[in-house]
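Let's take a walk through a protein together. Have a look at it first, and then we'll go from the whole to the parts.

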Amino acid sequence: MKPWLEIDLDAILSNYRIIKNYVKKDLIPVIKSNAYGMGLIPVANALKDVTNLIAIGDVEEAQTLRRSGFKGDLLLIVPIFSREEAELCVQYDIFAAVDSFEMVSLLSDIAKKSAKTVGIHVKVDIGMHRFGVKPEELDSFIEEISYLPNIKLMGIFSHFPLGLNLITEEQLILFDRISSKYKDLIIHLPNSQNTVENFESTKFISRCGLLIYGALPSDVKNITLKNILKLKANIVKIHDISAGQSWSYGYSYTAHKDSKIAVISIGYADGLKRALSNKWNAKVKGNICPLRGTINMNFSFVDITGVSNAQVGDEVILLDEDLKIEDMAKAVDTVPHEILVSFRESMKRIYV
């Protein structure tokens, strides 16, 4: 018995529409990192009829989508670094993010030889200090690349490193100023966090990943999203444990009373983080039951004391509309994004 994910594609579409209605303008859904672990091809196909542009994280994802027959517009939101990436962008008609003249020139040469025109989005660094043209160099950069053949400037974008605060407000003013003369282009800026925390930033097109997967980046109350997934496993063994006994590696938990402990078919190799040991719950036959004992590589332990008629083979739910991704993230001091992308790619995904 192996764990699996049940993913509701209709809920992803609903969340897309909820966010689009909230911002009252176009929205770029982000499906990088295997659609945040939810499955690149199924999620892209679910979104293709509701959006004009989908953001991806690397050229391999673009390659996978194109080879699957996906024909929608794709934007690579990480600037390209190599000839191979430039060639793939041209070959598969991918809009490329750029922040260096060398890469735009390379794209131009490859596109010209292929008798194609490649669309580009210029990334500007307003404070993340990861990628991007310096704000004060944006105009000269655009002027410089404007002479290159077979290149079409389509957009300008940046990325906030923080949620709403004084620094972000200053960065928003900066981006507003430097992008104001390019309003005929696609101008995109806020990520999921700033979309819900910093409404002023939604004057620009939002790029949302986390939100469309039903998770909130902070404790905001201004938007309600639909849960899109359930994480499930099975009971594979049940033990009667006496008060005072411990179990699993390190004996991290000791029973305070006579208990029934179920071994379930999921561990940290599957993406259930070991740090959740003794910090998370599961549902068994509708009952909320605590995880007890150290999570193993392939198995975990749930205290099912008091659950009537539990038996080997029963389903165990570890994430759903009640056991939320955001709460799981808080339990181990991380972000919901990390929880979503932790589930191994080979885990079975059932689309409902």
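What percentage of the 352 residues of the protein count as buried? The figure is 55%, where buried means under 20% relative accessible area with a 1.4 Å probe, protein chains only. Before going on, a quick word on the model: it is predicted, so local features need pLDDT of at least 70 and side-chain atom pairs 80 or more, while totals for chains, interfaces and linings use all residues. Residues are numbered from 1 along each chain as its sequence is written, and side-chain values use heavy atoms, leaving out hydrogens and water.

Now for the overall picture. The C-alpha atoms fill a box of roughly 80 × 45 × 35 Å along the principal axes. Inside the protein you'll find 11 helices and 16 strands, which are DSSP runs numbered from the N terminus (helices: H or I, at least four residues; strands: E, at least two).

Look at strand 6 (residues 118–123) and strand 7 (residues 151–157): they run parallel and are joined by six bridges. One of the bridge pairs is valine 118 with isoleucine 151 in strand 7.

How values were computed: Pairing = 2+ DSSP bridges. Buried < 20%, exposed > 50% of the residue type's maximum accessible area, 1.4 Å probe, protein only.
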